[in-house]
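Reader: I would like to go through the interfaces of this model with you, term by term. Please set each value against the rule behind it.

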Amino acid sequence: MCNNNLISLDQAEIGDCIKIKRLEVTGTMRRRLLDLGFVPSAKVVAVQKSPLGDPIAYEVSQTIIALRKEESSKIFGEVVKNESKTDD
Amino acid sequence: MNQKQTIKIALAGNPNVGKSTLFNTLTGLKQHTGNWPGKTVILAKGSFSYKGKDYTIYDLPGTYSLLSNSTDEEVARDFIVFEKPDITIVVLDATTIERNLNLALQVMEITDQVIICINLIDEAKKKGIIINENVMMDKLGVPVIKISARNKVGINLLLDTIDRMITGNISTTPYQIKYSNEVEEKLKQLIPKMDKIVGDDISPRWLALRLLDGDESILKTYMRRKQMGEGEEKSDGYK
Amino acid sequence: MGTNNELKQYDEIINLANSLSSDNLRDEIVTNIYEQSKSICNQTIRYQSPEKLRQTEKLDRIFTSKIFGFPIMLAMLGVVFYITIAGANYPSSLLANLFNWFEGYLTMFFHWIHAPEWLYGVIVLGLYRGTAWVVSVMLPPMAIFFPMFALLENYGYLPRVAFNLDRLFKRVGAHGKQALSMAMGFGCNAAAILSTRIIESPRERMIAILTNNFVPCNGRWPTLILLSSLFMAVGLPKTMGTFVTAAVVMGIVLFGIVVTYFVSWALSKTLLRGVPTHYTLELPPYRIPKFWQTVLRATLDKSLFVLKRAVVIAAPAGMLTWVAANIMIGDTSILMYIVQFFDPFGQLLGLDGYILTAFLFGLPANEIVLPILLMGYLSTGAMTEVEELSAIKHIFVDHGWTWLTALNMMLFSLLHFPCGTTMLNIYKETHSKKWTFVAFALPTSIAIVVTLIVAQVVRGFGWV
């Protein structure tokens, strides 16, 4: 897998579906993110920005979870599809 | 016999799955600590009777997992491990079962006496979600009941299942999470040693997993409790 | 019990576990659990209409939108306040009449048994009236506010508030969930202190605890509402008057939020230095709540809570106040000594000695501040009934009140030390005398400084 394709979650456009590749977070926050479903190979959709732009809400494992930039910028994955454009 | 033993039930579940609604439905007004608007942060305790048996029910904090990342998770986990409820009901949200099942699987690693309640079943129907609870029951090896706590659907079936589980008419064989060969290999080395210390008190497999994960707190708590007095009932410890 | 042997086994196990453990084990465990959950679900669940699962997202596009997010939030807050204020009037006076009516019989009874004057004073004028006031003034707004709050919470709107506001809280080093504990504070600060447990990181939680008091609780609402309707909405027709009252109260509330914001910032720069820690917030799906079930439970839980509090706290406080007002040293009551002591300082703040004394005696519960104040003014030694609002205004004006006095009393009520129950909870939650003291001293100093400035400015410009 080419590393150029990896983006962090905060860079995703609303509607993007991202398959998680790795987390560059440690300690409690890593554990928490894992528990919430931000596990490698999970698919995450960016669904909504808050009015002030941060945090951003992501759909992960059937639930909507909001993350601040501090965290979402450390979760990396590749865009697998953009829902708002096509579904074919 | 008027000195009846009350049966201890724990309610576990993710946040926002209607756990408190079920708690309220079961106990009515017989609650000892009101949980303040909606969210359960303190352990609420209530009681009810069914078919001549008295039950005390504990509403555990809503958590995503039992891997002890927060105080809430520790409270919930320690209650199931050390207070040994006779039955642990895991409440799932019918519209987000995939996420909720994680917690259920973790509870089933700790105890056999589990009932799965799929709540908000009416909501799921509206959203076109079809759940085959029989297949799920097969897979999970514990009773799976569809309910709607707020519309009082399936509550009788739940009560009946609780009753039959207590009287020993239902036996369970909970699904055990399989880990990678590497992890399973390590578990094989650890588990036999575990037996000597904890015996039947705590599932050795589960405890071994926690130790591999670097969490020694459970074993420590266990040893401390053991020294304080063999298996002393501490049912009011969470009043 | 072979403890040594066990300890040896224990060490052995720990060592073995440590040697077997690896860094990525947690990732592996959690990923495994997720995969197996997924596979079980794939075999048991079918989704017939995926588009229906998107409803929450569509609603979020409105409720948390760039354009509508904040206006909707403010509108909701305003509507909740308006309904509470407008709806509480009638039942309040109904309850007050009921208590008055019963007091007549109580009085007859005490005459009939030839009870001594002091006993009648302590029981009826102190205890009974204190309790009656709290119940009739507190219960109706509470019975309206809490169910509305519960409906919003059960619908799933409140987490969106935390979502919308997080950026602002982050900027001052606090947590978005502080918005939720603040929202609960509108009901009861003591309970809100417990609710800060939803904030995981200790630093942000402490900020939420120390600033929660700047959100006026139910016990302070009547003070705010009453003073606002007596002094700010003067000479307006009824509907317009209610509207202005609600607007002024909302202004005070917004000021409290500004203070919260500022104090949070100051704390995270000084006493509670540190960077904002990790943050995750679930936005649960919107669900139409069962209306009556929610309303009934909220009313029942909270009403019982209020009644208990009225009996446990307000009743003895009422009694104590009566005693203080009626035990004379020379020809002055104890209460008057305290009033005179505080008076110069009170005047400086645009208040007076009676008001500060009332706040002091009201430490157990904010609900009783106003009745104690009236009692002091009337020097009857007994709390007054809430029958005639215009009569109450008369009492105030007779004692030199202006709109400045009313405004500063509202500000002092908003900003001053938390009630006894709240401080007890703060102590229980923080296990620290130091932080409990900060929770007392910080708001009190702010209340003093703010009222002082307002009084001096207003007087300096000759506005009163």
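Reader: Why is the pair A:E59 and C:R54 called a salt bridge?

Author: A salt bridge is a side-chain nitrogen of Lys or Arg within 4 Å of a carboxyl oxygen of Asp or Glu. The closest N and O atoms of A:E59 and C:R54 are 3.3 Å apart, so the pair meets that rule. Between chain A and chain C the count is five salt bridges. Please keep in mind that this is a predicted model, in which local features need pLDDT of at least 70 and side-chain atom pairs count only at pLDDT 80 or more, while totals for chains, interfaces and linings use all residues. Side-chain values use heavy atoms, without hydrogens and water, residues are numbered from 1 along each chain as its sequence is written, and chains are lettered from A and ligands numbered from 1 in the order in which they are written.

Reader: What makes C:R26 and B:D213 a salt bridge?

Author: The side chains of C:R26 and B:D213 meet at 2.7 Å, N to O, and by the rule already given the pair therefore counts. The count between chain B and chain C is two salt bridges.

Reader: How do you know which residues of chain B are in contact with chain C?

Author: Contact means heavy atoms within 4.5 Å, and by that rule 69 residues of chain B are in contact with 60 residues of chain C. For chain A and chain C, 35 residues are in contact on each side.

Reader: What is meant by the area buried between chain B and chain C?

Author: Buried area is the accessible area (1.4 Å probe) that two parts lose on being put together, summed over both. For chain B and chain C the value is about 6,000 Å², of which carbon and sulfur atoms give 59%; for chain A and chain C it is about 3,000 Å², with 54% on carbon and sulfur atoms.
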